[in-house]
Amino acid sequence: GRGEGLSLTGAFASPDVYSVEMFFRFDSLPLAYARVLNSSDTDNGLYIHDTGGPKVDYYQPGSNAGAAFSLGQMHHLVFTRDTGSANVYLDGGAALTVAAFGSSQVNGGLKFFIDELTENAPGYIDFIQTYDRVLTGAEAATLYNNGAPDPYAGGGGGAVPEPSAWALMILGFGGAGAALRRRRSIPA
């Protein structure tokens, strides 16, 4: 809901080198800006900005709006932070580069969809995944997976089995146990 969000602290080995992957949507933009991500207590941060149609924007002096953003539709966003610069990838493609990126305050935490003022919007978040390195454009496109991003595909852990796979594994173990038990009860 509006005014709700998430915070993350102590997640990165370096405050200047990290990536964040998200799959989310905004349902509406009640004001001109809606904050997506911020690492400080200033107004600088990643927003969806609605001037002439919603766009991804990193607000800081001299920034420019990036790729178009559709309200009411799920979007895959990857934000990468390297010493002195940041890149944003939206739905598998490059959306925005911020060349003169200031000093990071990420050790104080990242804020997702939280604004100290009223620049927030209602929507939905499917997942947020963090990385201790800068993801490349090719990796962002792979994670987008043609519009079906999988939070288990890029982060090191294997995919979680579906319930039907669990049921088959349990049946298999049960059948193997029954077969072993049956063999023991037959006299030699």
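Mentor: A salt bridge is a side-chain nitrogen of Lys or Arg within 4 Å of a carboxyl oxygen of Asp or Glu. Keep in mind that this model is predicted.

Trainee: With which residue does Arg25 form a salt bridge?

Mentor: The cut-off between nitrogen and oxygen is 4 Å. The closest N and O atoms of this pair are 2.6 Å apart, and the partner of Arg25 is Asp27.

Trainee: Is Asp27 buried or partly exposed?

Mentor: Buried means under 20% relative accessible area, and exposed means over 50%. Asp27 has 37% relative accessibility, so Asp27 counts as partly exposed.

Trainee: How many salt bridges does a search of the whole structure find?

Mentor: Arg25 and Asp27 form one of them. Arg133 and Glu139 form another, with their closest N and O atoms 2.9 Å apart. Asp16 and Arg81 also meet in a salt bridge, at 3.3 Å from N to O. The search of the whole structure finds 3.

Trainee: How many residues apart are Asp16 and Arg81?

Mentor: Asp16 sits in the loop between β1 (6–8) and β2. Arg81 belongs to strand β7. The pair links distant parts of the chain, and the separation is 65 residues.

Trainee: Which element gives the largest share of the largest nonpolar core?

Mentor: That core has 27 residues, and Met22, Phe26, Val36, Leu46 and Phe79 have the most contacts inside it. Elements giving two or more residues to the core include β2 (18–26), β3, β4 and β7 (75–82). The largest share is 5 residues, and it comes from β2.

Trainee: How many residues are in the second, separate core?

Mentor: Val78, Tyr89, Tyr131 and Leu135 are among its members. The count for this second core is 6 residues.

Trainee: How many charged residues are in the lining of the largest cavity?

Mentor: The structure holds 1 cavity of 30 Å³ or more. Its lining has 10 residues, with Leu37, Asn38, Ser39, Tyr58 and Phe79 nearest the centre. By class, 7 are nonpolar and 3 are polar, and the number of charged residues is none.

Trainee: Which elements give two or more residues to that lining?

Mentor: About 50 Å³ of space lies in the largest cavity. The elements that give two or more residues to its lining are β3 (33–38) and β4 (45–50).

Definitions and conventions. Residues numbered from 1 in each chain as written. Predicted model: local features only at pLDDT ≥ 70, side-chain atom pairs only at ≥ 80, totals over all residues. Heavy atoms only, no water. 1 Å grid on protein atoms, 1.4 Å probe; cavity = no way out; pocket = protein on both sides within 12 Å on 5 of 7 lines; lining within 4 Å. Points joined across faces, edges and corners; volume = space filled by probe spheres on them. Helix = DSSP H or I, 4+ residues; strand = E, 2+ residues; numbered from the N terminus. Nonpolar A, V, L, I, M, F, W, Y, C, P; charged D, E, K, R; others polar. Core = buried A, V, L, I, M, F, W, Y, C linked by side-chain atoms within 4.5 Å. Buried < 20%, exposed > 50% of the residue type's maximum accessible area, 1.4 Å probe, protein only.
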